[in-house]
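The sequence and the model are shown first.

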Amino acid sequence: MVYKVSYVVDDGQHPGAIANVDEPPKLGDRVLLGRNWFEVVEVMELMPPNELFGFLHATVRLVAETEAAG
């Protein structure tokens with residue numbers, strides 16, 4: 001199953017992302033959005049999964065900013 005995940009940053013300082021992932025996010029997971037690492041602090045099912053997709057919302061908070069590749 002593929003999970004369509006809407007990542008929303010808790011403080012609104014980053015636009016977040018929508019991503020297709022093979023495993024559902026779990027509390028405490030770390031995810032790279034752009035050049036920054038975020039920690040998952042909340043996961044909610046947006047609608048029941050169908051045969052192919054699960055639809056999830058994940059709230060994340062900034063953990064670390066990385067430097068731009070130069």
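The text below moves from the overall architecture to the core, and then to an aromatic pair and a surface patch.

**Overall architecture**

The model is predicted. The protein contains zero helices and five strands, so that, read from the N terminus, its elements follow the order β-β-β-β-β. The C-alpha trace spans about 40 × 25 × 20 Å along its principal axes. The accessible surface amounts to about 4800 Å², and carbon and sulfur atoms account for 53% of that area. Of the 70 residues, 29% count as buried. Among the contacts with a separation of 6 or more, 43% join residues 24 or more positions apart.

**The nonpolar core**

Which residues make up the largest nonpolar core? This core has eleven residues in all: Tyr3, Val5, Tyr7, Val9, Val31, Leu33, Phe38, Val40, Leu56, Ala58 and Val60. At least two residues of the core come from each of strand 1, strand 3, strand 4 and strand 5. Strand 1 gives the most, with four residues. The residue ranges of these contributing strands are listed here.

| Strand | Residues |
|---|---|
| Strand 1 | 2–9 |
| Strand 3 | 30–33 |
| Strand 4 | 36–47 |
| Strand 5 | 53–65 |

Tyr7 is one of the core residues. Leaving aside residues up to four places away in sequence, Tyr7 touches Gly16, Ala17, Ala19, Val21, Pro25, Val31, Leu33, Ala58 and Val60.

**Aromatic pair**

How many aromatic pairs does the count come to? The count comes to one aromatic pair. The pair is formed by Phe53 and Phe55, whose ring centres lie 6.3 Å apart. Their planes stand at 40°, and the pair is therefore classed as tilted, because stacked requires planes under 30 degrees apart and edge-to-face over 60. Phe53 has a relative accessible area of 26%, so it is partly exposed.

**Surface patch**

Leu32, Trp37 and Val63 make a nonpolar surface patch of about 240 Å². Val63 is located in strand 5. Is Val63 buried, partly exposed or exposed? Val63 is partly exposed, because its relative accessible area is 32%, and the partly exposed class lies between under 20% for buried and over 50% for exposed.

Methods: Residues numbered from 1 in each chain as written. Predicted model: local features only at pLDDT ≥ 70, side-chain atom pairs only at ≥ 80, totals over all residues. Heavy atoms only, no water. Patch = residues over 30% accessible without salt bridge, like charges linked within 9 Å, V, L, I, M, F, W, Y side chains within 5 Å. Areas by Shrake-Rupley, 256 points an atom, 1.4 Å probe, with all protein chains shown as cover. Salt bridge = Lys/Arg side-chain N within 4 Å of Asp/Glu carboxyl O. Buried < 20%, exposed > 50% of the residue type's maximum accessible area, 1.4 Å probe, protein only. Phe/Tyr/Trp six-rings, centres within 6.5 Å; stacked < 30°, edge-to-face > 60°. Contact = heavy atoms within 4.5 Å. Core = buried A, V, L, I, M, F, W, Y, C linked by side-chain atoms within 4.5 Å.
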